[in-house]
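This briefing walks through one protein model, topic by topic.

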Amino acid sequence: MTLARAAPSTHELGALRAEVRAFLAEARAAGAFIPRCDSWISGHDPEFSRELGRRGWIGRSWPARYGGRDRDELERYAITEELLAAGAPVAAHWFAQRQTGPLLLRHGTEAQRRRFLPAIAGGDCYFAILMSEPNAGSDLASVRTSAEPVAGGWRVTGRKVWTSHAHKSHFGVLLCRTGPPGERRHEGLSQLILDLHAPGVTIRPIRLLSGESHFSEVTLDGAFVPDDMLVGSIGNGWSQVLSELAFERSGPERFLSTMPLILEFIDAAGPDCAPETAETIGLLAAQLWTMRRMSMEIARALAAGDAPAARAALVKDIGTRFEQWSVEAIRRVAGREPAPESADRISSLLAQAIAASPTVTLRGGTSEILRGVVARELASR
Ligand SMILES: Cc1cc2nc3c(=O)[nH]c(=O)nc-3n(C[C@H](O)[C@H](O)[C@H](O)COP(=O)(O)OP(=O)(O)OC[C@H]3O[C@@H](n4cnc5c(N)ncnc54)[C@H](O)[C@@H]3O)c2cc1C
């Protein structure tokens, strides 16, 4: 199912952005959230997600019959940018909107779409992504979690790890082995929708140094998954996952995670800032502009049904390196030390950004793997 529609005019997009910004300013003033870096992972707030759902700002480009608003992909993109730049708490619905929705639109059954998409668009139903395992991260084809066929469905056994927000989600999309690897190791993999509250599912949140828990270890001990929760076809999991990864890697969250810090830094610098500060702002703006153009182009390609894996990998590699660089550049010229509890916004945002910085080039695929994807694509031309 492709979602390409007539593009909104600049005026329409501007009006939508203004509406989102006004809402965010009001919510912030009312104390509904404090802007934070990396808010698409660290800002988990179901009430906020439900409010976005009520406003039609989740799954906006999906068909109305599935709870969407039938709007162009550019509108979804503009809303996403505004939410990330504001450091708004969007983690609860993030993975479901970003990749489960598009996955179901492409490969789901009609019953799956009708059941899950309206609930996702309403900000009510959250999904986790169960791909990585203790011995299968970069090399996803070596996943060992297996699904054994039983009457009416599957019994699933195995262990997943680093699963973002599994402990706060309702369902997970599970990549598992439903058959032996054939000549190509990628054969025999399938995707199942797993009820994270089903018997046989144990979720153990993993605590970070900061005391927060964003991801979990998920142990599956004979958990039952009914037949109708198979996504796509049996054995087609690998190619489905590849197209899902393009959604996962190309979005603006891959270069806007530190935007609340960047905006605070620019505000504090003011128009008469030192030359070194002005130069840093110029470098930040120039890089952001380029990445944004790449990412928006890919969003259009995805909406048209393409799976631009190499371009998406490039956005993530360049974007996450930019995020790491932006933290160091601001730290160098802002003359502040990171301090999580500080009332000084640059100091507290710096602390958040520094804590997240090592993870950005790992989650969603490491830089080395992404460069391998790009190299393979270039070599095949
Ligand atoms: C914050 C965060 C959130 C995450 N959320 C999720 C989630 O929701 N769901 C999920 O499924 N996973 C999630 N992950 C897991 C993430 O996808 C993996 O950490 C990542 O794919 C790397 O796998 P690994 O940790 O097993 O490292 P490994 O694959 O063991 O890699 C270790 C190192 O070896 C390098 N390396 C490996 N293979 C090669 C190669 N062929 N060539 C060159 N270098 C190589 C890697 O680049 C890396 O530097 C998350 C990770 C983080 C940090």
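The buried residues of helix α8 are covered by parts that include α4 (73-85), α9 (275-303), α10 and α11. The model described here is a predicted one.

**Helix α8**

- Helix α8 covers residues 259-269, and its buried residues are Met259, Pro260, Leu261, Ile262 and Phe265.
- After α8 comes Gly270, which has a positive phi near 70°.

**The protein as a whole**

- The protein contains 12 helices and eight strands.
- Its C-alpha trace spans about 70 × 45 × 40 Å along the principal axes.
- A compact globule of 381 residues would have a radius of gyration near 21 Å, and the protein agrees with this because its own value is 21 Å.
- Of the 381 residues, 53% are buried.
- Taking contacts between residues at least 6 apart in sequence, 74% join residues at least 24 apart.

**Helices α10 and α12**

- Helix α10 (residues 309-334) packs with helix α12 (residues 367-379) at an angle of about 145°, and the two axes are 9 Å apart.
- The crossing of α10 past α12 is left-handed.
- On the α10 side, the contact is made by Ala309, Ala310, Ala313, Leu314, Lys316, Asp317 and Arg321.
- On the α12 side, the contact is made by Ser367, Leu370, Arg371, Val373, Val374 and Glu377.
- Sorted by class, this contact between α10 and α12 has seven nonpolar, one polar and five charged residues.

**Salt bridges: overview**

- Side chains of opposite charge can pair when their charged atoms come close.
- How many salt bridges does a search of the whole structure find? The search finds 27.

**The pair Asp38 and Arg363**

- Asp38 and Arg363 form a salt bridge through their side chains, at 2.7 Å from N to O.
- Asp38 sits in the loop between α1 (10-29) and α2 (39-42), while Arg363 sits in the loop between α11 (345-360) and α12, so the pair ties together parts that are 325 residues apart in sequence.
- Asp38 has 7% relative accessibility, so Asp38 counts as buried.
- Arg363 has a relative accessible area of 17% and is therefore buried, the cut-off being under 20%.

**The pair Asp139 and Arg185**

- The side chains of Asp139 and Arg185 also meet in a salt bridge, at 2.8 Å from N to O.
- Asp139 is in the loop between β1 (127-130) and β2 (146-150), and Arg185 is in the loop between β4 (171-177) and β5 (189-195); this pair links distant parts of the chain, 46 residues apart.
- Are these two side chains' residues buried or partly exposed? Asp139 counts as partly exposed because its relative accessibility is 36%, and Arg185 counts as partly exposed at 41%.

**The pair Glu217 and Arg159**

- In the salt bridge between Glu217 and Arg159, the closest N and O atoms are 2.5 Å apart.
- Glu217 is buried at 12% relative accessibility, whereas Arg159 is partly exposed at 39%.

Methods
Residues numbered from 1 in each chain as written. Predicted model: local features only at pLDDT ≥ 70, side-chain atom pairs only at ≥ 80, totals over all residues. Heavy atoms only, no water. Axes fitted to C-alpha atoms, helices over the stretch in contact; angles between N-to-C directions. Helix = DSSP H or I, 4+ residues; strand = E, 2+ residues; numbered from the N terminus. Left-handed = near helix turned anticlockwise from the far one by under 90°. Contact = heavy atoms within 4.5 Å. Nonpolar A, V, L, I, M, F, W, Y, C, P; charged D, E, K, R; others polar. Salt bridge = Lys/Arg side-chain N within 4 Å of Asp/Glu carboxyl O. Buried < 20%, exposed > 50% of the residue type's maximum accessible area, 1.4 Å probe, protein only. Rg over C-alpha atoms; globule rule 2.2 N^0.38 Å.
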